Amino acid sequence: MPNMVSGNTIAEVASLIGDAARANMLSALMGGQALTAGELARHAGVTAQTTSGHLGKLAQARLIEVEKQGRHRYYRLASPEVAHAIHALMAVAADGPKRHHPVGPKDEALRLARTCYDHMAGRLAIALADALTGSGYMLLGDGAGLITDEGRRFFCDFGIDLEQLTRSKRPLCRTCLDWSERRPHLAGQMGAALLDRALGVGWIGRREETRALRITRRRDRVCRDIQASIGLAYCTVRNSDGQAASWVFHSGSGNSLS
């Protein structure tokens, strides 16, 4: 922390987040995409006029920022630090007293694969972290991550420019405790780069009106072909029905998944 803050300041920020409507808006923005006031109103279940007042307070506290494009305004979280704070509160809330709310299809989809601000979370993200460490591309522990020399070659072949990432002051590789799985997934610039690349090649896709991600299914034959490639990370996640959805990515080897 660059500066120490008073308890009163912490309480002010906490009171802003503590309102149910504003908490729902901030949770919706954890998807990493900029949303309109109307979209946030639907997530919060309040009127447009009420939404305007909430957004004004969040913007004044620098919890969100506004982007103007023509006549339209889009809202997003102000920084990765805000996203980290919201995610930490999600983990605490998920570990709190049970409220006997049954898990619906939407909740199950979020637990399988979702965005956590600018990186992946859920069972997919945990399986991916296990695949990367198991392949010797990364070392994860104590909230941080280290990319091995073999990993640097792999990510370069995969299309991620590590030199460009290291120019930023933001941590290159760190872990984030997954609120639904209670295990760390990959965050930081590497987590964001992996999400962008996976979306770019079409191995996962966004779903409308939710943070849940759609996993592209691959046939076993294709998986076996890619598994034989040099520089592979392979993981399999299962949904609530026990059906497997294989997710594969690899360094350049001449094989195509498109």
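User: How many aromatic pairs does the structure hold?

Analyst: A pair of aromatic rings is described by the distance of the centres and the angle of the planes. Rings of Phe, Tyr and Trp (its six-membered ring) pair if their centres lie within 6.5 Å; planes under 30 degrees apart count as stacked, over 60 as edge-to-face and the rest as tilted. This structure holds three such pairs. Take Y137 and F154: the ring centres are 4.2 Å apart and the planes meet at 5 degrees, so this pair is stacked. Y137 lies in the loop between α7 (123-134) and β5 (138-141), and F154 in helix α8 (residues 149-158), so the pair ties together parts that are 17 residues apart in sequence. Helices (H or I, at least four residues) and strands (E, at least two) are DSSP runs, numbered from the N terminus.

User: What should I know about the model itself before going on?

Analyst: It is a predicted model: local features need pLDDT of at least 70, side-chain atom pairs count only at pLDDT 80 or more, and totals for chains, interfaces and linings use all residues. Residues are numbered from 1 along each chain as its sequence is written, and side-chain values use heavy atoms, with hydrogens and water left out.

User: Is Y137 buried or exposed?

Analyst: Buried means under 20% relative accessible area, exposed over 50%, partly exposed in between (1.4 Å probe, protein chains only). Y137 has a relative accessible area of 3%, so Y137 is buried. F154, at 2%, is buried too. F154 also pairs with F155: their centres are 5.3 Å apart and their planes at 70 degrees, so that pair is edge-to-face. F155 is buried, at 0% relative accessibility.

User: Which residues form the aromatic cluster?

Analyst: Y137, F154, F155 and F158 form one cluster. R197 lies over the face of F158, at 5.7 Å from the ring centre. The test for a charge over a ring is that NZ of Lys or CZ of Arg is within 6 Å of the ring centre and within 35 degrees of the ring normal.

User: At what angle do helix α1 and helix α2 pack?

Analyst: Two packed helices are described by the angle between their axes and the distance between the axes. Axes are lines fitted to C-alpha atoms, for helices over the stretch in contact, and angles run from 0 to 180 degrees between N-to-C directions. Here α1 (residues 7-18) and α2 (residues 20-29) pack at about 85 degrees, with axes 5 Å apart. The two are therefore roughly perpendicular (under 35 degrees is roughly parallel, over 145 roughly antiparallel, 65 to 115 roughly perpendicular and the rest oblique).

User: Which residues meet there?

Analyst: S15, L16, I17 and G18 in α1 meet A20, R22, A23 and L26 in α2. Contact means heavy atoms within 4.5 Å. The residues of this contact divide into five nonpolar, two polar and one charged. Ala, Val, Leu, Ile, Met, Phe, Trp, Tyr, Cys and Pro count as nonpolar, Asp, Glu, Lys and Arg as charged, and the others, Gly among them, as polar.

User: Which residues have a positive phi without being glycine?

Analyst: Most residues other than glycine have a negative phi, and most peptide bonds are trans. Y117 has a positive phi of about 65 degrees. Y117 sits in the loop between β3 (114-116) and β4 (119-121) and is buried at 16% relative accessible area. R182 has a phi near 60 degrees. R182 is in the loop between β7 (174-177) and β8 (184-187) and is partly exposed, at 38%.
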